[in-house]
Amino acid sequence: MISFNKFYQQISQNRLSHWLNVLPAQLTHWRETQLHGDFSLWKKTLDALPKTHVSTLDISESVSIGTQDDISSGEFKRITNLLKKLKPWRKGPYHIHGLHIDTEWRSDFKWDRLVPYISDLKHRYVLDIGCGSGYHLWRMRGAGAKFVVGIDPTQLFLMQFNAVQHFIQDPNVHLLPLGVEQLPELKAFDTVFAMGVLYHRRSPIDFIYQLKSQLVAGGELVLETLIVDGDENTVLVPGERYAKMRNVWFLPSCAAMCAWLERCGFENVRVVNTDITALDEQRKTEWIDTESLKDFIDPNDASKTIEGYPAPKRAIFIANTPKA
Ligand code: SAH
């Protein structure tokens, strides 16, 4: 079984110790009642990964673990076959002993767009809400963060994270299978990231308050979300589907998003980047079996989704909680 004991032990010694008031009970409940039907299959896959000697590690420019020369060709084949059992691999890319996990998303593009604008992560406690397989967790650690926690309720992503962690073995990077709504008001993180999650929330204002309550005074929020063109009164609530996704609720304009953040008590709110998602950032690869961006866009008009809404455009917002 997946155990979180090491995490509990670690936070008992650091500024997250008050999380222990609720977390072990939540995760025990999760383990007893919430496990995905394929969970034990995925766990077997994880347990079958060979222990390897990792000769080199880069998590500051990419996520590249070891070289192909560290392992035998049999081990390479075995790792490839096992990791393919954890498809779909959406967020990445990862390089593991020469194996290129060419994920659906080039999550490194998003990282490159935001990294010039964020506060130096050195020595910081960092939380990534809705972290997927945890690609950005590694890049945060690579940028010097002291303690990195990701949360994501999708269990396959926890397995993918653990597969990468199996090779890296960094005690200061963790992923917990939680939704944002399960977090107590920790007020303990120096930086909170929430990227690609707001539009999946039915109550975006409650969501912003939940993000705020994870931050220390004077902390930094990095929020990335789908946006539409328009003024501070413009918000798109699409119909049943947006770009074939069923669970999309609020797409604000940049001005509306800034107004929401300010209304919730954030200061120094700014938009640092906007970007139309290009077909080289989200595309079908051999690591996913489903459709990708190309199939979600109107084949005759790339400025529209298949449903006729504005095509995906994303913005990165940075804001601070008031200083104490
Ligand atoms: N942050 C990553 C992944 C975004 S995809 C990036 O920007 O590349 C959105 C993620 O939000 C998915 O992995 C999904 O599992 C997660 N998610 C869905 N509901 C959530 C919730 N209630 N709390 C936290 N994360 C959630």
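1. At 24% relative accessibility, Phe 250 counts as partly exposed, whereas Trp 260, at 15%, counts as buried. Buried means under 20% relative accessible area, exposed over 50%, and partly exposed in between (1.4 Å probe, protein chains only). The model is predicted: local features need pLDDT of at least 70 and side-chain atom pairs count only at pLDDT 80 or more, while totals for chains, interfaces and linings use all residues. Residues are numbered from 1 along each chain as its sequence is written, and side-chain values use heavy atoms, leaving out hydrogens and water.

2. The whole structure contains 13 aromatic pairs (rings of Phe, Tyr and Trp, the latter by its six-membered ring, with centres within 6.5 Å; planes under 30 degrees apart are stacked, over 60 edge-to-face, the rest tilted). One of them, Phe 7 with Trp 19, is edge-to-face at 5.8 Å centre to centre, with 85° between the planes. Phe 7 lies in helix H1 and Trp 19 in the loop between H1 and helix H2 (23–33), so the pair ties together parts twelve residues apart in sequence. Helices (H or I, at least four residues) and strands (E, at least two) are DSSP runs numbered from the N terminus. Both Phe 7 and Trp 19 are buried.

3. Phe 250 and Trp 260 also form an edge-to-face pair, at 6.4 Å centre to centre and 80° between the planes.

4. Phe 7 and Trp 19 belong to one aromatic cluster with Tyr 125, Phe 147 and Phe 189.

5. The charged end of Lys 84 sits over the ring of Trp 287, 5.0 Å from its centre (NZ of Lys or CZ of Arg within 6 Å of the ring centre and within 35 degrees of the ring normal).
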